[in-house]
Each structure stands twice: as structure tokens, then as C-alpha cells.
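Trainee: I am new to this one and would like a guided tour. Could we look at it together and take the topics one at a time?

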Amino acid sequence: MAKKQFGNPRDYAVKLSQIIQDTENAGEGVAPYFEKLRDAIDADQVAALPKTEFEEISAEFDDVVEVYKNAVADIKNLKAPVRLIGVHGNLVNTFTAYYEATDAMAKSLNVAEQSIDMTAFEKSEHDQDTLMEEFLKQVRRVMTSVM
């Protein structure tokens, strides 16, 4: 039986930090589009947005979902140090749920009808906030353990 290879704590922390930085950059890139959509929702003006603008917002949401999907795979593929196996599993699960919540938000936008499934959108928004808070708490725990 082959021995399981565990990761070096420093390498793990560096790779995890890079994945987090990439996802933060993607989140910052989509934030203005989210704010524009949130403003339209709050003003009950989604239908009044120019069609090309709504399409652009939807495309940006789809792009960030793809970045998060890749981040899930990257996190799963990290070789965790033996003392972080459990925390690593939690990181994978939490970020996977975050990706799924983001995907639900993107899917809540109906470009053809220029409408939003507000129940799915608002649930996703809440879930993303909760899950990101939990994910960052787990990341802090990892970084404290490896530094």
C-alpha cells in the first residue's frame, strides 16, 4: 500500500494564500456589477436597466462562478499537512458551498426576461456572506497553525 503524501506547511500556506488572493481579485472585479444590480433591485428598476447592461452583469457573474469553481478544484488538490487534514476538509466543504451559493445567484438572473428570481438571489446573498465569514475563520485557523 502506498504511503499518503502530506503537504509541507509552508507550501500549503503559500498555495492557499494564492488561491484566496485570486478569488478576492475576482470578487473585487464583480463587486461593481453586483452593486449596480443591487441598486436596481432596491429601486425596483431591474426591468429599466439597459438590456446590454443586464447581460454584462450576468456575464460577469458567470465569470466569477467559473473562477470559484476552479478555486474549489485547486483547494481540493492542495496537499494538506497532516495536522491540518480536518481543517482542510472543512475549507473544501465551506468553499464548495460558497461556490454553489454564488452559482445560485448567477442562475437567479434570467437574461431573456431581464428578471431575477429574488428568493434565490437573496438566499444566495445571505449564504455567501455567512459562508465567506466561516471560510475566512477557517483560513485564519490554518495560517495560525502553519506560521
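Mentor: Buried means under 20% relative accessible area, exposed means over 50%, and partly exposed lies in between, with a 1.4 Å probe and protein chains only. Please note that this is a predicted model, in which local features need pLDDT of at least 70 and side-chain atom pairs count only at pLDDT 80 or more, while totals for chains, interfaces and linings use all residues. Residues are numbered from 1 along each chain as its sequence is written, and side-chain values use heavy atoms, with hydrogens and water left out.

Trainee: Which residue forms an aromatic pair with Phe 95 at 5.5 Å centre to centre?

Mentor: A search of the whole structure finds five aromatic pairs. In one of them, Phe 95 and Tyr 98 are 5.5 Å apart centre to centre, with 40 degrees between the planes, and the pair is tilted. Rings of Phe, Tyr and Trp (its six-membered ring) pair if their centres lie within 6.5 Å; planes under 30 degrees apart count as stacked, over 60 as edge-to-face and the rest as tilted.

Trainee: Where do Phe 95 and Tyr 98 lie?

Mentor: Both lie in helix 3, three residues apart, which is about one turn of the helix. Helices (H or I, at least four residues) and strands (E, at least two) are DSSP runs, numbered from the N terminus. Phe 95 is buried with a relative accessible area of 1%, and Tyr 98 also counts as buried, at 9%. Phe 95 forms a tilted aromatic pair with Phe 135 as well, at 5.0 Å centre to centre and 55 degrees between the planes. That pair links distant parts of the chain, since Phe 95 is in helix 3 and Phe 135 is in helix 4 (residues 118-146), 40 residues apart.

Trainee: Which residues form the aromatic cluster?

Mentor: Tyr 68, Phe 95, Tyr 98 and Phe 135 form one aromatic cluster.

Trainee: Changing topic, how many salt bridges are there?

Mentor: The count comes to eight salt bridges. A salt bridge here is a side-chain nitrogen of Lys or Arg within 4 Å of a carboxyl oxygen of Asp or Glu. Side chains of opposite charge can pair when their charged atoms come close.

Trainee: What is the distance between the closest N and O atoms of Arg 38 and Glu 122?

Mentor: In that salt bridge, the closest N and O atoms of Arg 38 and Glu 122 are 3.8 Å apart. The two residues belong to distant parts of the chain: Arg 38 is in helix 1 (residues 9-42) and Glu 122 is in helix 4, 84 residues apart. Arg 38 is buried, with a relative accessible area of 12%, whereas Glu 122 counts as partly exposed at 41%.

Trainee: And which residue forms a salt bridge with Arg 38 at 2.6 Å?

Mentor: That is Glu 125, with 2.6 Å between the closest N and O atoms. This pair also links distant parts of the chain, with Glu 125 in helix 4 and Arg 38 in helix 1, 87 residues apart. Arg 38, Asp 42, Glu 122 and Glu 125 are linked in a network of salt bridges.

Trainee: What about Lys 137 and Glu 134 in helix 4?

Mentor: Lys 137 forms a salt bridge with Glu 134, and their closest N and O atoms are 3.5 Å apart. The two are separated by about one helical turn because they are three residues apart in helix 4. Lys 137 is partly exposed at 44% relative accessible area, and Glu 134 is partly exposed at 31%.

Trainee: Now Ser 108: is this residue buried or exposed?

Mentor: Ser 108 is buried, with a relative accessible area of 5%. Ser 108 is found in the loop between helix 3 (85-107) and strand 1 (109-110). Not counting residues up to four places away in sequence, Ser 108 touches Ser 115, Ile 116, Asp 117, Ala 120 and Phe 121, where contact means heavy atoms within 4.5 Å.

Trainee: Finally, what pattern does the protein follow along the sequence?

Mentor: The pattern is α-α-α-β-β-α, from four helices and two strands. The C-alpha trace spans about 60 × 25 × 25 Å along its principal axes. Buried residues make up 41% of the 147 residues.
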